[in-house]
Structures are given as structure tokens and as C-alpha cells.
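Subject: Structure handover

Hello,

Here is the structure we talked about. Please open it alongside this note; what I found follows.

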Amino acid sequence: MEQSAHGVKDIASADQPFMCSFCLRPREETGVLVGAPTAGICRKCTDAALALFQNSAPETDSKQRAPWDALNDEELLRQLPKVAKARDDVENHLRTWVGAARNRKISWSSIGESLGMSRQSAWERFHQTAGAQSASVQR
């Protein structure tokens with residue numbers, strides 16, 4: 001991953017599948033994504049966000065609207081599978097990171113603590129993935 005100004009990273013070369021966290025389009029459609037370990041943003045969404053910041057007045061309404069409030073029922077239902085896929089992608093991404101931690105011999109106790117869970121909970125949730133990932137690295 002290339003590090004650039006202000007800590008922004010190009011995540012297009014990462015091994016795991018990834019998608020834009022905003023439009024939910026896969027990297028194959030969006031091209032380069034920039035982001036953090038659990039989120040990425042494509043050029044189209046970045047441009048839209050910048051335009052929104054540049055063209056909007058400061059918010060005077062203290063009530064934030066949820067994204068689904070602007071959708072009708074059909075639109076909301078069309079988004080549900082995309083949100084479920086995003087959840088699965090984030091879970092797979094987390095499993096990859098936990099596998100990397102285990103490959104470095106980081107203890108289940110430390111992994112659990114960093115995730116806000118017990119050592120036993122971390123092991124139960126991730127041990128099969130971490131074991132499979134470790135076996136593929138050794139080959």
C-alpha cells in the first residue's frame with residue numbers, strides 16, 4: 001500500500017476484495033480506492049463529497065437524517081442486499097487482519113483485548129480462519 005499526504009492510502013493493491021464504503025460498488029468497477037483498514041472510498045464518491053462540502057451551507061438543523069429516510073420502500077429494499085454484502089466483506093476483511101495477527105504470533109488474549117472481547121470469544125470467532133490462513137502461508 002502506498003502512503004501519501006495526510007495518511008491517505010491507495011488500497012487498490014490489497015489482496016482482499018474491497019468496495020467503496022459509500023456507493024458499495026466493487027473495486028473492479030471503481031478503480032483505485034483510498035481508505036483505512038475497514039473503509040474505502042472511490043473517486044466518484046470523493047468528488048461528490050467534496051462538491052457537497054464546497055456547495056453547502058453549514059448545517060443549522062441539529063437532527064441528522066438517516067440515509068434510509070430519503071429512500072422510498074423499493075429503494076430501501078434494493079439497498080438491503082448491498083448492505084448485507086458490505087457487512088460480509090467487512091467481516092472477511094477483519095478475519096484477514098486477525099489471521100495476519102496470528103501469523104505474527106500475537107496472542108488470542110491480545111487480539112481479544114484489541115477487539116473488546118475475551119480471549120476465548122476471539123478464539124471461538126476466528127480460530128478456524130486464522131488456522132487456514134496460517135496453513136496457506138506456510139505452503
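A search of the whole structure finds five salt bridges. A salt bridge here is a side-chain nitrogen of Lys or Arg within 4 Å of a carboxyl oxygen of Asp or Glu. Side chains of opposite charge can pair when their charged atoms come close.

Before the details, the ground rules. This is a predicted model, in which local features need pLDDT of at least 70 and side-chain atom pairs count only at pLDDT 80 or more, while totals for chains, interfaces and linings use all residues. Residues are numbered from 1 along each chain as its sequence is written, and side-chain values use heavy atoms, with hydrogens and water left out.

Salt bridges

Lys85 pairs with Asp89, with the closest N and O atoms 3.0 Å apart. Both sit in helix H3 (residues 73-103), four residues apart, so about one helical turn separates them. Helices are DSSP runs of H or I with at least four residues, numbered from the N terminus. An α-helix has 3.6 residues a turn, so residues three or four places apart point the same way.

How accessible are the two partners? Lys85 is partly exposed at 44% relative accessibility, and Asp89 is buried at 15%. The cut-offs: buried is under 20% relative accessible area, exposed is over 50%, and partly exposed is in between (1.4 Å probe, protein chains only).

Arg87 and Asp88 form another salt bridge, at 2.9 Å from N to O. Arg87 is exposed at 53%. Asp88 is partly exposed at 36%.

Glu91 and Arg125 also meet in a salt bridge, 2.4 Å from N to O. This pair links distant parts of the chain: Glu91 is in helix H3, Arg125 is in helix H5 (residues 119-138), and they are 34 residues apart. Glu91 is partly exposed at 22%, and so is Arg125 at 35%. Glu91 and Arg125 belong to a salt-bridge network together with Arg95.

Helix H3

Does the length of H3 agree or disagree with expectation? It agrees: the 31 residues should span 45 Å at 1.5 Å a residue, and the end C-alpha atoms are 45 Å apart. The expected span is 1.5 Å times one less than the number of residues.

H3 has a kink of about 25° at Leu80, shortly before the proline Pro81. That bend is the angle between axes fitted to the seven residues ending there and the seven starting there.

Buried residues in H3 include Ala86, His93, Arg95 and Val98. At the start of H3, a side-chain oxygen of Asn72 reaches to within 3.0 Å of the backbone nitrogen of Glu74. Just after H3, Lys105 takes a positive phi of about 65°.

Trp123

Trp123 lies in helix H5. Trp123 is partly exposed, at 34% relative accessible area. The C-alpha atoms of Trp123 and Gly112 are 7.9 Å apart, and the two residues are 11 residues apart along the chain.

Cysteines

The cut-off used is a pair of cysteine sulfur atoms within 2.5 Å.

For Cys20, the closest cysteine sulfur is in Cys45, 3.7 Å away and too far for a bond. For Cys42, the closest is also in Cys45, at 3.7 Å, again too far. Cys20 is buried at 0% relative accessibility. Cys42 is buried at 1%.

Best wishes

Notes: Helix = DSSP H or I, 4+ residues; strand = E, 2+ residues; numbered from the N terminus. Polar contact = N/O pair within 3.5 Å; in protein donor to acceptor, adjacent residues only side chain to side chain.
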